[in-house]
Every structure is written in C-alpha cells, then in structure tokens.
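Subject: Structure for you to look over

Dear colleague,

I am passing on the structure below, and would be glad if you could read my notes beside it. They follow the order in which I went through the model.

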Amino acid sequence: MLTVLGLTMITVFTYFIMSGRLSSFTALTVIPLIFAIIGGFASSVDTMMLDGIKLVATSAAFLLFALLFFGIMIDAGMFDPLINKILKTVKGDPLKVAIGTAVLTLLVALDGDGTTTFIIVISSMLPLYKKLNMNPLVLATISMLSFSVVCGLTPWGGPGIRALSVLGLEQTDFFVPLIPTLIGGAIWVIFVSFILGKMERKRLGIIDLNESNITENAFSLEVASAQEYSIKRPKMLWINLILTVLVMTVLILGLIKPAILFLVAVVIAMLINYPTVEQQKERIKDHGGNALMVLLVVFAGGAFTGILSGTKMVDSIAANLVSILPESWGDFFPVIIGLVSIPFTFVMSNDAFYFGVVPIFANTASAYGIEPIEIVRAVVLSQSAHFLLPLVPATILLTGMLKLSIAEYVRFAFKWSVLTCLVLISLAWLTGAIMT
C-alpha cells in the first residue's frame, strides 16, 4: 500500500512540476499533504512536515544571506573587471563562453560544495551571458552537469561521504577505480558544453567586441540607467574582493557555520558599500523578492521530505524494488542499481537515499556475491539527476540566482542530465569500477 501510494505521489508531483501546472511551492506542499491524508496519516502529518521544515531551516538561512551577500557584491560591481577580462578572451564567442563555464565549474567544484560552486560560477558568468544575450538555461545546465560529475565521483563530495560512512568503507577503495570515469565524465561535460555553445553560436553569432566595447561597465545587457550606475562602487573593488575571498575561505574551511558567516558578511558588505539606512533598505528590497521565493521552495521542500520519510513510503518503495529483481540479474546488479538510482536520486534527498536506501542495496548485493563498494560506486553515478530535484538547496540557489522556474530548468536540462548518468554508468562498467 505504501509503495503504491508513494509511487503515485511521486508521479503526480513530477507531472505537475514538469508540466508547469503548479508552482514548485504549491506542488511541494499540497500534493504530499493530500497523499498523506489518503494514506491515513492525517493525525501526524503536521508533525512530519514540521520535522522536515526543521531539517532545512539552517540551509534556508544560509541561502537567504548568501543570496543577499552576492547580490550586493554584484550591485557594487565587484565582478566587472573579471567579466571584462573574460570578454576580451572569448571575443564574443558563445561557444568559448560555454566551454569556459564547464572548465571553471569543474575546477571550482573540487571543494565539493554545491552552493559554494554555484555562487562563484553564476556570480562570475551571469553578467557575461547577459552581455552576449545567451540563454541562462545553458549556464544552469553546464554548471549543474560539471558539478555533479566532480561531486559524485570524489570521496570528499557529499554522496561519497554519506555512502562510505554508512557502510564503513574506505575512501581509497572507492575513489581509485573511479578516476578513469571521473576523467571521462569531465571530457563528456566539456563535449556537452561544446554542443550547447555551438547551438548558441548558431542562434546569436559571434559578437564583435572590440576594445572600445569592453569598458568598465561593458557587461550590462542594456544601457545602464543612472540609478544602476549610482549603486556601483568601483573604489571599493579591492575591499569587496578581500571580503569575498575571506568569506569563501572561512566557508570552505568550515570555521564558522555558513548561515552565521553570511549573516555577518551581509551586514559588513552593506555597511562598507551602502552605509545609510535608506541605501540598505533599497538593496534588501531589490533582492528580497528573489530571496523570498527561494525560501518558500526550501521550506516546502522540507515539508515534502518530512512526509516522504515520516510515512515510510521511501522504505517501502526500496524494499519492494529489491525484492522483485530476478536472481538471474544478480551479475548485473551494480549496473541495475546505477540505473535505478537515476529516478531514486531525482525524487529523494541525498540523506534519505544514501542513509536509508543504499544500505538495502548493499545488503542485497552481498547475496549475489557482490562487494558493497561496487554498489557505492554505482549509486554516485546519478548525481546529475539529483540536481534536477527542486528539493536540493543548491538547485534552488542555482535557479534562484538565474531567476529561472524549476519547470523550465528541468525541461531544458533533463535529457542532458539523464545522458550524463548513462555515460558515467557506461564508463564505470567499461573501466571495471562496477562489475569487476
């Protein structure tokens, strides 16, 4: 009963999100609530939703202050020199910009944190995309694919840490066999960026950006108004840069809780760039609407996860899936798990999947004589599907910074995401990382 209820709920939720008939906030709240009541959990559904909201509260605070901080840095013009330098290098070629996005993300993603990676990449590249009138969905897709490959296949990334810790396995045993897949995955992502960049070049052409075009404010898509120029703070460039580097260093080292770090950073950024109360109110007003939409989805996503976990729908689905696999498929179990992980990671949080479902997969694999480490390698290959999920804070941040709806993002990135999963599974199979 729970399996049918859970699968139906996930199907209905996915349909309404993909079709755009309901906003993410509405779908995340109403659909699981209805199904929880149908399943007989009406008396406890509020507790489940509240437990889920509590789990995402810290992430929501972090996203709020991070959005405000980098919004202020963009307003002040901190990224202008970097964008102008890139403009001189790519010379208005969308193909080069797309490939540059992939390379930049692959490098930045080595820290393993999605929010940090997307903040840096989107803040740096979005003005350039606007200048060339490139589709922001290309930026979202390339950066998501690049991060998912590095995050999933490195032992310090979130998926690897979760799976290895819950099963008590060694990081070296996990990572070394996946190195060829990681390299191949990076090449694949660059190839995808080449395809998307070529499509943008065909649509837009190569824009002739001579030296006279690349001025201090060359990144603006439209002719900036007097008000837009008035919020620039070119004299504060180095102070803002030092502040940003300091904040990112502390974030990566984990010296201070992210939410508190960015709360303090926002206050400092406003004081040094916009010292008057009126100026600060204007900055908050300009970015508040975007931040509010992000928070609504984060909290609604927490409620969704709370119901999915609290009703035990996830546990039931996983147990039934494992039980129906024929024994003759045992030799192909790691590949099957890799494929099955694509829809699982799309609809589940990493915590729920890696702590709740992966141990079931690993225990079942042992019955076929397959080492648990192969299952761990298999399940991390589907991270690009996970980053389509509107429950992931990093995804919400990504779409929020680009002002994209989840529906249009999923429609555009879906095929590239699934293809990336299939490519990684194939590479891992061919190189012996799974099914040795």
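Helix 14 is followed by Lys312, whose phi is positive, near 70 degrees; helices here (H or I, at least four residues) and strands (E, at least two) are DSSP runs, numbered from the N terminus. Within helix 14 itself, which covers residues 277-310, there is a bend of about 45 degrees at Gly288, the bend being the angle between axes fitted to the seven residues ending at a residue and the seven starting there.

Please keep in mind that this is a predicted model, in which local features need pLDDT of at least 70 and side-chain atom pairs count only at pLDDT 80 or more, while totals for chains, interfaces and linings use all residues. Residues are numbered from 1 along each chain as its sequence is written, and side-chain values use heavy atoms, with hydrogens and water left out.

The protein chain averages a pLDDT of 81, and 86% of the residues score at least 70, where pLDDT is the predictor's confidence in each residue, from 0 to 100. Confidence is lowest in helix 11 (residues 226-230), with a mean of 58, and highest in helix 10 (residues 179-204), at 94. Over residues 211-226 the pLDDT is below 50, although this stretch has 29 contacts in the model beyond near neighbours in sequence, a contact meaning heavy atoms within 4.5 Å. Where pLDDT is low, the predicted coordinates should not be read in detail.

As for the overall make-up, the secondary structure of the protein chain comes to 21 helices and 0 strands, and buried residues make up 54% of its 436 residues; buried means under 20% relative accessible area, exposed over 50%, and partly exposed in between (1.4 Å probe, protein chains only).

The largest nonpolar core has 133 residues, and Phe69, Phe262, Phe353, Val379 and Tyr409 have the most contacts inside it; such a core is a set of buried Ala, Val, Leu, Ile, Met, Phe, Trp, Tyr and Cys residues joined through side-chain atoms within 4.5 Å. Helix 3 (residues 45-76) supplies the largest share of this core, 13 residues. A second, separate core of 7 residues includes Phe41, Met48, Met49 and Ile307. Leaving out residues up to four places away in sequence, Val379 touches Ile337, Ser341, Phe353, Tyr354, Val358 and Phe361.

Phe353 is also one of the contacts of Thr345, together with Ser382, Ala385, His386 and Leu389, again leaving aside neighbours within four places in sequence. Thr345 sits in helix 16 (residues 333-347) and is buried, with a relative accessible area of 1%. Its side chain reaches the backbone oxygen of Ser341 at 2.7 Å and that of Ile342 at 3.2 Å.

Helix 7 (residues 136-153) is largely enclosed by the rest of the structure, because 17 of its 18 residues are buried. Asn135 caps the N-terminal end of helix 7, with a side-chain oxygen 3.0 Å from the backbone nitrogen of Leu137.

Asn133, in the loop between helix 6 (114-132) and helix 7, has a positive phi of about 60 degrees although it is not a glycine, and at 43% relative accessibility Asn133 counts as partly exposed. Lys403, in the loop between helix 20 (393-402) and helix 21 (406-430), has a positive phi near 55 degrees, and counts as exposed at 68% relative accessibility.

With best wishes

Terms used. Polar contact = N/O pair within 3.5 Å; in protein donor to acceptor, adjacent residues only side chain to side chain.
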